[in-house]
Each structure stands twice: as C-alpha cells, then as structure tokens.
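Trainee: Can we go through this one together? I would like to start with charged pairs.

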Amino acid sequence: MKRAVIYARYSTDLQNDKSVEDQFSLCRDFAARLGAEVVKQYSDRAKSGASMFGRPGLADMMTAAERGDFEILVTESTDRVSRDIADLAHVHKVLKFRNIEMQCVNGGLMDTVQIGMYGIVGQMQREEGARKVKRGMTGVVRSGRNAGGKAYGYRPVTGRKGELEIVEYEANVVRRVFDMYVAGISPRSIASTLNHDAVPAPRGKQWNASTIHGNDRRGNGILRNPLYVGKLVWNRVQMIKDPSTGKRVSRANDEDKVETIDAPHLRIVDEELFQAAKDRLAARGGSHAHHAPRNKRLLSGLLKCGACGGGLATVGSDRSGPRVMCSTYRESHSCSNYGKYYVEKIERDVVDRLRRIFADTSYIDAYVEEYRAESKRIAADRRTSRGAKESALENVQRQIERVIEQVSKGTIEEEDVLAILPGLKAKRAALRTELDAEHAPTNVIEIKPRAVTKFKEDLESLAKILEDRAAEPTLAMATAFREVVSGVIVHPRIPGEPYSYEIKGLLAGIAGPELSAVLLVAEEGFEPPTQGL
C-alpha cells in the first residue's frame, strides 16, 4: 500500500478554520479510494496561495518529500498548493523527480499539461479577484467614503461602513501642527513640543519629525495629507509581492493613476494654510530632496544609541571633524542621551580594536569552540522540545478527529462537543504557533582561513585610509567590514567624559554560512577629543 500525505490550505482569516478539516476529510476519503494509507496531514491556515513563502505546512511537506516519506500527495485542488503558475510548476516538478504523484480530488492525477492549465486558471482567478476588489474600493472612494486606512483626526462612523467623522481633539492638534510649521518651527521642534505636552501620538509612544513631515512621493505625514483639506486621494501606492522573498512591498503609482475626490465634510484646515505648508515643504527640499547626495561613512547605519537603541545621525562638524548624536533625541527629545560624538574617532578606534583582535587568531578559535559546544547543547534541547511538541500536536489532532467522527455518527451530544472542541482547538493552535516560531538549530562552524587573512589585510588598509580624512574606503572593503561588524552601540556620556561603547559583530563573514553568532567587544574608554563637545 502506497503512503500518502494530505495538504490543505485556506486563504484568509475571514474564512472558517473548519475549511481545513473539511479538506482533510474529503482527501482522506479520496485516498481510501486510491488504496493509499494517509501517514501525515499538512496545512496552512489563513495563508495566501500567491507565494510559497511564509507557509510552514507546505515547506514541511516538501521537506518530507525530499526524505522520501510518501509516494502520493493528495489535495482538494491544485490551487490549494499554489495560485501562482511558476510555484505550482516547481512543486510538481520536484514531486515528479522524486516519483511522487500529485492527486487532486477535483481532477485526479496531475500531469504536466494539467498543471500548466490549472496553474493559468488559478493565477487568472487570483488576479481577477484582486481587480474586482480594487474596482469595489474605487467605487467606495468615488462615493466620498474611505476605502481603508486610519488617518489621525478621524474615526469611523458607527454603522455606516466607509464613512468618517472628525475627532475634534485630534483636529485641534492637526491645526496646531500646521500653524507651528507655517510659523517657521521645524518638524523636530514640533514633535518635541507635542511630546513635552504629553499629546498622544497617532501611532507608538511618541511624536517624531517623520510623523509630521512625511514623504512627498507617497503623500504621507500630517503636513502632506490632502484629507485635512477635504480631498480623498486614492491609488497613490500599489502593493507588489517580491517573488524572491514573498514579502509585499509598496510602490508609488504614476500621477495619472491617482484619483482625487472632494470631501468637504472632512476638511480640518483651510486651503490657504495647507498651501502655505506645502510651499514651505517645497522650499526646504521639494520632491527631489530625497535624491540629494549624502556622505557615506564606514559606520553609516551601524551606530546605535546605548540608551534607546535608535540610530546615531550626523549633526554637523567642527575643526575636529563631523559629529553624530542620537536621532531619537534629535527628533523628539524622548531619549535621555544628548551627547555628541566625533564619528571619525569612533571609526579609527573600532578598526584598531579589530586589528588587535584578529592579530591573535587564538581569540577567534576559542570563541568558535565555545560557540560550537553551546550550539550543540541548544540544538539537542530544541530537538527534544520540538519532538515533544510535535507528538502533543498529533495527539490533539487525533482527539479532534475523533470528536468530529463522533459528531458525524451522532454518538455525541452537542453540549459535549461545545465543551470539548474549543479547548482542543486552542491547544492545537498554541502548539502550532510554538512550532512555527522555532527555527532549525545551527551547530556547524567552518572557519575559512583565507577569509580571515583577507579581512585582516582589509583592516590594515582601512586603518591607513582613516588616517587621511579626505580618503574613502573602497566599496569592497566597506562591504567586507559590514559582514563582520553589525553595529557599534554608543553609551550615553556628558561633555568631557571618555567615549564608552560596544562593538557588535557577526562572524558570518569569516565562518561558514550556517554561523549567526554575535561577538561582543566592550570598550572601556579612551582619551577624549582635544576639543570638548
């Protein structure tokens, strides 16, 4: 008797979780007619069929196929596996290579021709569904209603889908922001003032300059939102799924695709004030400010504040060189770290520290041995824990199936089902969440001597380059450096005190690809710059 596995999926949280159980039942009956023994059931709940990413059930099933755990895949239809032509063809190709049949309740044994046909149909249905949703939302906007998304200053009208009403307290804050900006106050100062006055932020704990200033291309930010002047703008951005990662990314649409609808009942600020703010925004950078050239340094994006975890940003320079400070403090004064630091000094010291570390390879060897031992222990613990959870999940699933079977036979009362089933489903969901959150342990480290030697050579070159402020490291050197150094955490200080920070690094640049360990180097402090801050 051939071994079979079942794969089931439903698309969104709006669908019933019972959909998967119904698919399992249907597929088990079909497998019985094929004369196959069902050895495992896989599922993905509330997962789109547009991509193979983010679907642990499908990933586990394909891994089982590679191990040769079954000879038949049974599913309700091909669109349960994927609604993308390329992904469906890939799954079928892999299964066919391993002599595994794909059997569908609605269609039977799948061959190459059927996969191509069903793949086209599935993708066309998905794309047509997206077009219908977009048409519906366009109709909502053209009727003067909101198609979705939350804007500060408004709330939904209860019982009237898509309609908004003004929240007067928040509207007053919006008017205050516009008045302050037009009066010449910067977004950072406005954010600081609102935080000082304990005004609740639209999102998160605090106001930031970006909340107020926004992005010109996307039309977000309080000062750029046309809704405040009574205009509903629709279709400014589109969401596209990246085929290499499965993640949705937003892209700004061309101007001719953007629709604007008058909604005077939603106006909070008058046209004159809105235009004045718009003119000042344009005068202080315009739509092309985003492309303005910026100096790139060796540690750009790697410097972090030790008090709040935010990034450090450049705040000008003096005779001793450019300085950086906590961007959170600069944006909203909600961080306690107000110190300023000479970035060139940090760069030179980081490189010098790494030179000393890599000069003695016994340091790296000792660290790797310690990491290997620890990772083996963690991996063993994880395997034991995961095995226990998988067994518990299978046991709960069997209990649920027995309850459902009793319901179908009429051998259990409804009140008993209501008392038993919710608890079992909750336990099953909790176990699935725990298993999905776990990652396969990594316990293999292979040091690459050539990579270590190359990095040491780059460090020597970087040290010489940093002595000359006008010189810049090559792209290759900067890339190699960032493969090892993942961050420099700068601790708070008061003017005149020595710097104190930590170098946080990844050994992935000099070890095997499996390595994701973190190396932490503490710096005690050193002589302050000749010119105090």
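**Salt bridges and burial**

Mentor: The structure holds 13 salt bridges, each being a side-chain nitrogen of Lys or Arg within 4 Å of a carboxyl oxygen of Asp or Glu. This is a predicted model, where local features need pLDDT of at least 70, side-chain atom pairs count only at pLDDT 80 or more, and totals for chains, interfaces and linings use all residues. Residues are numbered from 1 along each chain as its sequence is written, and side-chain values use heavy atoms, leaving out hydrogens and water.

Trainee: Which residue does Arg 3 pair with?

Mentor: Glu 71, with the closest N and O atoms 2.5 Å apart. Arg 3 lies in strand β1 and Glu 71 in the loop between α2 and β3, so the pair ties together parts that are 68 residues apart in sequence. Strands (E, at least two residues) and helices (H or I, at least four) are DSSP runs, numbered from the N terminus.

Trainee: And Arg 55, is that buried or exposed?

Mentor: Buried, at 2% relative accessibility. Buried means under 20% relative accessible area, exposed over 50%, and partly exposed in between, with a 1.4 Å probe and protein chains only. Arg 55 forms a salt bridge with Asp 44, the closest N and O atoms being 3.9 Å apart. Asp 44 is also buried, with a relative accessible area of 2%.

Trainee: What about Arg 67?

Mentor: Arg 67 bridges to Asp 69 at 2.8 Å between the closest N and O atoms. Arg 67 is exposed at 55%, while Asp 69 is partly exposed at 28%.

Trainee: Switching topic, how much of the protein chain is buried?

Mentor: Buried residues make up 38% of its 533 residues.
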